[in-house]
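Okay, thanks for having me.

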Amino acid sequence: MVLHLLLVWMTTAALMPAFGFMVLASGWGGGLGAAVPVFVVGVPLLLCLLAMTALPVRTIVPMCGSLPQRLGWAALVFVLGTFGVLAGLAAYSRDVELGSASARITLTGLPYALAAAFFIPDRWVRLGAVAVLGCGVVYGVFAGPALAHQRQEEAEIARYRQSPELLYLGDSPPDMEISRVRVGPNSFSVDYTPVRAGYDLRHVSLWVSRSVTPTLQCPELAVKEMTCTVGKSGEMRIVADIPGGSGVTLVRRQGDTEVTVTSASLDESALRHLLNTLHPLSDAELETLMRDKKIEPTQ
């Protein structure tokens with residue numbers, strides 16, 4: 001019985017990937033009309049080879065006593081095993097880990113061997129097949145997708161953490177929350193907007209970038225309505241007169257980075273409070289931003 005199952009496994013593992021590739025290649029190159037002849041010729045050949053693997057158990061398995069019976073048995077094993085292969089492909093398309101290319105080719109024969117095992121009139125063989133099938137279902141439906149999702153999250157976190165020295169957040173101003181975060185290789189930006197959207201149009205932007213000068217220096221102002229000063233602490237303050245009020249920008253050094261906060265709707269004290277509460281982005285905060293889909297990478 002073991003020899004029989006091994007023969008089924010090895011035969012299908014060797015032939016089914018090649019057969020599937022030939023069908024897909026012919027269909028891709030010449031359409032359905034080119035794939036049909038390959039299918040029509042290949043399936044009977046596979047059934048004959050499968051029927052030959054049943055010779056060691058022709059006196060044990062009731063369906064394998066004669067050549068017509070073995071061909072019928074081979075057709076059933078082929079159909080059931082192919083359903084198993086399709087289920088494996090569906091799991092693989094959901095990023096379920098199935099090992100290397102050679103391991104996946106080897107696993108191709110497993111569904112056919114399991115199908116053949118159910119035809120063997122032995123309780124322990126069938127119980128073993130049920131156990132293997134159950135493990136495959138649990139892994140393909142539950143454990144595998146969960147592990148794939150975990151790997152995807154870890155990859156996203158690693159991508160966002162490529163420049164950890166830029167990842168700083170400040171406490172949200174009262175009645176405001178983080179609405180969008182952009183992470184780039186050389187910058188990190190955060191938008192704060194009101195918790196309740198509507199007539200409240202307040203907006204605060206936080207921008208973190210690498211320092212380009214030894215000390216903060218006022219830029220050349222393009223309009224006379226803007227004023228810039230650098231305090232004794234090294235903090236830079238830019239005020240721009242705009243219709244209905246003024247826009248305030250504060251720039252502060254944070255290690256080897258420059259942190260800029262700007263708003264046309266919040267006063268200077270609120271922006272300074274935002275700067276005073278700067279802290280490195282924690283794993284919990286990053287996971288929350290990812291879960292709420294508020295963070296995205298930039299080029």
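So, the lining of the largest pocket splits into 33 nonpolar, 8 polar and 3 charged residues; nonpolar here is Ala, Val, Leu, Ile, Met, Phe, Trp, Tyr, Cys and Pro, charged is Asp, Glu, Lys and Arg, and the others, Gly among them, are polar. Bear in mind that this is a predicted model, with local features needing pLDDT of at least 70, side-chain atom pairs 80 or more, and totals for chains, interfaces and linings using all residues. Numbering runs from 1 along each chain as its sequence is written, and side-chain values use heavy atoms, no hydrogens or water.

A pocket, by the way, is an open set of points on a 1 Å grid over the protein atoms alone, where a 1.4 Å probe fits, with protein on both sides within 12 Å along at least five of seven lines; lining residues have an atom within 4 Å of a point. This one is lined by 44 residues, and Gly-84 and Val-85 are among those nearest its centre. H3 gives the largest share of that lining, 13 residues; helices are DSSP runs of H or I, at least four residues, numbered from the N terminus.

What about the second largest pocket, how is its lining divided by class? There we get 12 nonpolar, 1 polar and no charged residues. H1, H5 and H6 each supply at least two of the lining residues, and Leu-5 and Trp-9 are among those nearest the centre.
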